[in-house]
Amino acid sequence: MLLDALYHQHPVEEPTPGATDLRGDLIRSLRLMVEWAFSPAGRAVSAILTDPKSVALMSEALFERVFASRGGTFTRTVLEHYADRGHFPATLLTPVVTDIGEALVTKHLIDAGTPPSDDYLAAIVDQAILPALGLGPGFDPGRD
């Protein structure tokens, strides 16, 4: 029952339909992650994943029945959307590349205990995600 409730409360990122704003879509996906992390569902998931007793019992089911069923990580949804439209090769979407944004947001949440600012989210995109794809912060998918 808990997994069903978390499934229905887990947001799904919706990238720009025309795939014209990769940077903006990535920043919005990280902002959505932050908003979700502070929601009751996000706090429940955090409690599950940080409790040594429950993580062993619940983590696989949580990832399978909630995260994977809702599209995976927030930035993965955006990155796959753009790769599917030929903006960069899908082979660049390694587990490290698709997880780097969420990992850096999670680190900030742990270290600071507060949500990262929009400027910090933009820095994650500009300094980590886009360079990991070999793209600069000025990448314009409409001109590739």
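**Entry 1**

I use exposed for over 50% relative accessible area, buried for under 20%, and partly exposed for in between (1.4 Å probe, protein chains only). The model is predicted, so I keep the rules in view: local features need pLDDT of at least 70, side-chain atom pairs count only at pLDDT 80 or more, and totals for chains, interfaces and linings use all residues. Residues are numbered from 1 along each chain as its sequence is written, and side-chain values use heavy atoms, with hydrogens and water left out.

Which side chain does aspartate 111 meet in a salt bridge? I found lysine 107, at 2.2 Å, N to O. A salt bridge here is a side-chain nitrogen of Lys or Arg within 4 Å of a carboxyl oxygen of Asp or Glu. Both residues lie in helix 6, four residues apart, about one turn of the helix. Helices are DSSP runs (H or I, at least four residues), numbered from the N terminus. An α-helix has 3.6 residues a turn, so residues three or four places apart point the same way. Lysine 107 is partly exposed, at 47% relative accessibility.

**Entry 2: other salt bridges**

I noted six salt bridges in the structure. One of them joins aspartate 126 and arginine 23, with the closest N and O atoms 2.7 Å apart. This pair links distant parts of the chain: aspartate 126 sits in helix 7 and arginine 23 in helix 2, 103 residues apart. Arginine 23 is partly exposed, at 29% relative accessibility.

Next I checked arginine 28. Its salt bridge is with aspartate 25, and the closest N and O atoms are 2.5 Å apart. Both belong to helix 2, three residues apart, about one turn of the helix. Is aspartate 25 buried or exposed? Aspartate 25 counts as buried because its relative accessible area is 1%. Arginine 28 is partly exposed, at 34%.

**Entry 3: along helix 6**

I went back to helix 6, residues 95-112. Its 18 residues should span 26 Å at 1.5 Å a residue, and the end C-alpha atoms are 25 Å apart, which agrees. The expected span is 1.5 Å times one less than the number of residues.

Where is the kink in helix 6 centred? I found it at glycine 101, with a bend of about 35 degrees. The bend at a residue is the angle between axes fitted to the seven residues ending there and the seven starting there.

The buried residues of helix 6 are Val97, Thr98, Gly101, Glu102, Val105, His108 and Leu109. They pack against helix 2 (22-37), helix 5 and helix 7 (118-132). Just after helix 6, glycine 113 has a positive phi of about 75 degrees.

**Entry 4: helix 5**

I found helix 5 mostly covered, with eight of its 11 residues buried. Its cover includes helix 2, helix 6 and helix 7.

Threonine 75 lies in this helix, which runs over residues 74-84. Threonine 75 counts as buried because its relative accessibility is 0%. Which residues does threonine 75 touch, not counting residues up to four places away in sequence? I listed Leu26, Ser29, Leu30, Thr98, Glu102 and Ile129. Contact means heavy atoms within 4.5 Å.

Alanine 83 is in helix 5 too. It is buried, with a relative accessible area of 11%. Beyond four places in sequence, alanine 83 touches Phe88, Ala90 and Leu93. Just after helix 5, glycine 86 takes a positive phi of about 80 degrees.

**Entry 5: the nonpolar core**

I looked up the largest nonpolar core, which has 27 residues. Such a core is a set of buried Ala, Val, Leu, Ile, Met, Phe, Trp, Tyr and Cys residues joined through side-chain atoms within 4.5 Å. Leu22, Leu26, Leu79, Phe88 and Val105 touch the most other members. Helix 2, helix 5, helix 6 and helix 7 each give two or more residues to this core. Helix 2 gives the largest share, eight residues. Leaving aside neighbours within four places, leucine 26 contacts Thr75, Val78, Leu79, Val125, Ile129 and Leu130.

**Entry 6: confidence**

I checked pLDDT, the predictor's confidence in each residue, from 0 to 100. The protein averages 79, and 60% of the residues score at least 70. Confidence is lowest in helix 1 (residues 2-9), at a mean of 57, and highest in helix 7, at 95.
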